[in-house]
Each structure stands twice: as C-alpha cells, then as structure tokens.
Amino acid sequence: MALLPVGYVVVSAAQTGGQGLARLLLRPLVAELTANTVLLVILGVAATLVVGVGGAWLVERTRLPFRRFFAVALAAPLAIPAFVTSYGWATVAPSMAGLSGAVLISACAYSPLVYLPAVAALRGLDPALEDTARSLGLGPWRVFRRVVLPQLRLAVLGGGLVVGLHLLAEYGAFAFLQFDTFTTAIMTAYRANFGGPGAAALGVVLTALCLVLVAGESRMRGSSRLSTSSPARPAQRARLGAWTAPAVLALSAFVVAAVAVPLSSVLRWTLRGGPGDWAPVLPAAAQTVVLAVGAAVVCTAVALPVAWLAVRHPARTSRVLESAFYLAGSLPAIVVALALVAVVLRLAPGIYQTAATVIIAYAILFLPRSLVPIRAGLAQISPGWEEAARSLGVSPLIARLRITLPLLAPAMASGAALVALGASNELTATLLLAPTGTQTVATGFWSAASAIDYVAAAPYAVVLIVLSVPAVHLMFSEATSRGSA
C-alpha cells in the first residue's frame, strides 16, 4: 500500500505513452514550473542552511547575548505551519509575492528543520579539535568553517533534504503568494477536471524531482558516518567581539519575521472577531484530533514490526521493506492523494472520501516519522534482557510485553507525537480526500483564508499552533538533550 503512489506514477506514465507524455511535458507551462520549483528549492534550502547552521553555532559555540532566548526562539517557528506563516505575511504585506516571497516564507517556516539537527550534532561533538584550532591561532569564524562545519555534514545534508522535500510538497504557503510550483499546478488541474493526464504528467515530474533530491543527498553523504556522544566537558564559547551586535540583530530579525509577524497577525485578526467565529473551530479540532490519533496509532502499529525486523533480524528483505516506507514517505502529499483517488475509486469505491482513506494517506506520508525513533529506541535495548526473562521460564511473547515494550514506550510516544503533528497540519491530501462536509483545522483555515476572510481564519490558526506546541517541545527537548546547556 505504501508503494501505491510510486505505482501510480509509473502506470500514469506508461498509459500516457512516450509521445503523449512528451507532448504534455514539452509545454511553456512545464518549463516555467520547473524553473520556479528548482529555483525555490535551491534558494530556499540555502537560506534555511544559513539560518539553521549559523544560528546553531551562535547559540552553542559563542558567548551570544540572550543565548537561552534565541535557543528556544530559533526552534519556535516549527510550531507555526508554513501556510499560517504565509497567511501572517500576506495580511501584513499584501504585495509580497513571487520567488522572493516564497524564499522568505521558506526560510521562516523551515529553518528549524536544519537548526535542531545542527544543535544536536554540536552538542555531541568533542570540543578538543576546536580547542586545538584556537591554540594554533585560528579565530572563531575560521574555527567554524574549517573544523566545526565539516563535522556537521550529516546533519546539514539531512536537514537540507527534509527542507527540500517540504518545499516540493508545499501547497498552501505558495498558493497564498501566487507563486506557481508543480504542487500548486497539480492542485489547480485536479480542481479543473478531476486530475486527468495533465495532472498525472506533472505528478511524474514532481516525483522525479523528489527522487533526484533524495539520490543527490545520498550521494553527497556517501558512506561517511559521524559518531557522536556526550562530550567529557562543555565546549569553550568564543567571543564574538565586534560581531556581537550584527549577530544579535540578524537573529532578532529572523525571530521577528518567523515568529512575531505571524503571531501578531493571528492575534490581531482574532481580536477583531467575536465568540461566534470560534463555533465551527471546535468540531474541526475534534475531527483533527480523531484523524491525527488514528494516523499515530496506525503508523505505530506498522512501524513496530518493521523496526523489529530491521533491528533484530537484519537481512536484505527487511532492508527492502524499510526502504519502501522511506521512499513512499518522501513523495509529495499531492501525488499520494492522486494515487489514492485513482486506486480507491477503481478497487474500493466504498471507502472513497471516508476517514479510512485519509488515515491511509497520513500513514503513507508520515510512517517514517514513527519508524525512525522506534528503530533507534529498539537498537538501544539489549536482547539480553529478554533472554534473562526467558531463562526464568517466561515465554518470548510475555518477555517482550513486560520488558521490551515498556523500555520502547518513550520512542513509540515520540514517533506517535511526530505523526500526530504532521497529520494535524496536513493540508493538501486532506483537501482531496476528506469526506464531504468534514473539516479539519487545516482545511477550515484554508477555506476561510483563501476566501480572504482573515477574521474567520484566525481561530483556526490559533488552534493549529496550539496543537503543534507539544510535539515541537518534544523535538526541541530531544535535540538539546546532548551534553549540558
């Protein structure tokens, strides 16, 4: 089921045929969409890398004023969905549009996806190399460039890949800015004629871009591995000197753009409304929680046996099985939704536009968020505990239920929280698959905001942010758990 979107892309390309596919793709529109999307990914990823890595280094390795405040503030934008950030800016600067606006929103919304891994990596590095470089006369910037940055390679590449995949899949944020990408074009084509060959052809290109991005990150990463552990002593913090004021101003400008502007816009429009504007939000919040919890339960139930096979019974079959879920999770939500629409209407029309179809889409999209922490947690649990219990006469199943499962519970809870966060904020697939008359918080927000009813959209935005805070707090706690603050 996870590979249905991949099969949909392959079958769509085959059914269209080489000549038909070429005719659909060799159009000025496709060339424009390709240029827009590629430029967005290149510039957006570059901007998030500058903010994320630079901010992590300033917070963790320098005597930055208000360091603890910036440590939290740089992660805070993760609690604000990208389309809410775009909504906030659109109400403040209605003229903001195009590539420059899209890059700004990308940097504001997605920099924490680079910042948090970079913080975790910095806290796990042994500072001895940095101390040696300083003893040889290197200044703070040269130490960062020549010593620290090469050790952050895996974190930087991983964070950049995640940001790039998000940019390829994002719909709401760029639709606000009237900036056309493949995802916005596919959504427009779907609404115009229920998909058709044009949408399928664009989906082929979008999927190809995702696979190129994943393959490129894998090639750049190579076989390098970076072993990190809790350092024996905290790293020495460098003095910024004359760069102190520019660093504080730069970080403050980012916090204002990524946090203050969206939150102030949401608060301003919320205060302009009345109690009646909250009436439709509560049913939408309840529906969102039901779908998010359902997705978390399904993802945990599927990820647990897959992680078990990958860790306890490593083989080619388990590696292929695990890779299939990562491949499916890297595809854009619009492609997953189109695939499910095509397959469900043909094979199981009874579940079309039901909660079951929505949860299946969430499971395909967000299963890696559950699989990664469960796999890591299981790898840290020694099989010796179960063997000791079995030597005392306990059956294998009881030993796993009484010993392994409780030890694995924190990792399962972490994965479930990440899945629930993604499901709560998911917009594109939900718009296509949600049952008629059903609204989640994200689709309710989009319905009001796209109609330029900013007062009605504000309560939905508040709920989206509130629902995101617990999972973001969990991610921040995990990223900063290495070493001492």
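Guide: Asn425 lies in helix 20, which covers residues 396–425. Please note that the model is predicted.

Visitor: Why is Asn425 called buried?

Guide: Buried means under 20% relative accessible area. Asn425 has a relative accessibility of 15%, and therefore counts as buried.

Visitor: Which residues does Asn425 touch, leaving aside those up to four places away in sequence?

Guide: Asn425 touches Pro81, Phe83, Ala442, Leu464 and Ser468.

Visitor: How many salt bridges does the structure hold?

Guide: The structure holds two salt bridges. In one of them, the side chains of Glu60 and Arg123 meet, at 3.0 Å from N to O. This pair links distant parts of the chain, for Glu60 is in helix 3 (residues 28–61) and Arg123 is in helix 7 (residues 112–124), 63 residues apart. Glu60 and Arg123 are both buried.

Visitor: What makes the pair Glu322 and Arg375 a salt bridge?

Guide: The cut-off is a side-chain nitrogen of Lys or Arg within 4 Å of a carboxyl oxygen of Asp or Glu. The closest N and O atoms of Glu322 and Arg375 are 2.7 Å apart, so the pair meets the definition of a salt bridge. Here too distant parts of the chain are linked: Glu322 belongs to helix 16 (residues 316–329) and Arg375 to helix 18 (residues 355–379), 53 residues apart.

Visitor: Are Glu322 and Arg375 buried, partly exposed or exposed?

Guide: Glu322 has a relative accessible area of 9% and is therefore buried. Arg375 has a relative accessible area of 31%.

Visitor: How do you know whether helix 5 and helix 22 are roughly parallel or roughly antiparallel?

Guide: Two packed helices are described by the angle between their axes and by the distance between those axes. Helix 5 (residues 82–92) and helix 22 (residues 441–450) pack at an angle of about 25°, and their axes are 11 Å apart. Angles under 35 degrees count as roughly parallel; helix 5 and helix 22 are therefore roughly parallel to each other. Their crossing is left-handed.

Visitor: Which residues meet where helix 5 packs with helix 22, and of what class are they?

Guide: From helix 5, Phe83, Val84 and Tyr87 meet Ala442, Phe445 and Ala449 of helix 22. By class, this contact has six nonpolar residues, no polar and no charged ones. Phe83 and Ala442 are also among the residues that Asn425 touches.

Methods. Residues numbered from 1 in each chain as written. Predicted model: local features only at pLDDT ≥ 70, side-chain atom pairs only at ≥ 80, totals over all residues. Heavy atoms only, no water. Helix = DSSP H or I, 4+ residues; strand = E, 2+ residues; numbered from the N terminus. Buried < 20%, exposed > 50% of the residue type's maximum accessible area, 1.4 Å probe, protein only. Contact = heavy atoms within 4.5 Å. Axes fitted to C-alpha atoms, helices over the stretch in contact; angles between N-to-C directions. Parallel < 35°, antiparallel > 145°, perpendicular 65-115°, else oblique. Left-handed = near helix turned anticlockwise from the far one by under 90°. Nonpolar A, V, L, I, M, F, W, Y, C, P; charged D, E, K, R; others polar.
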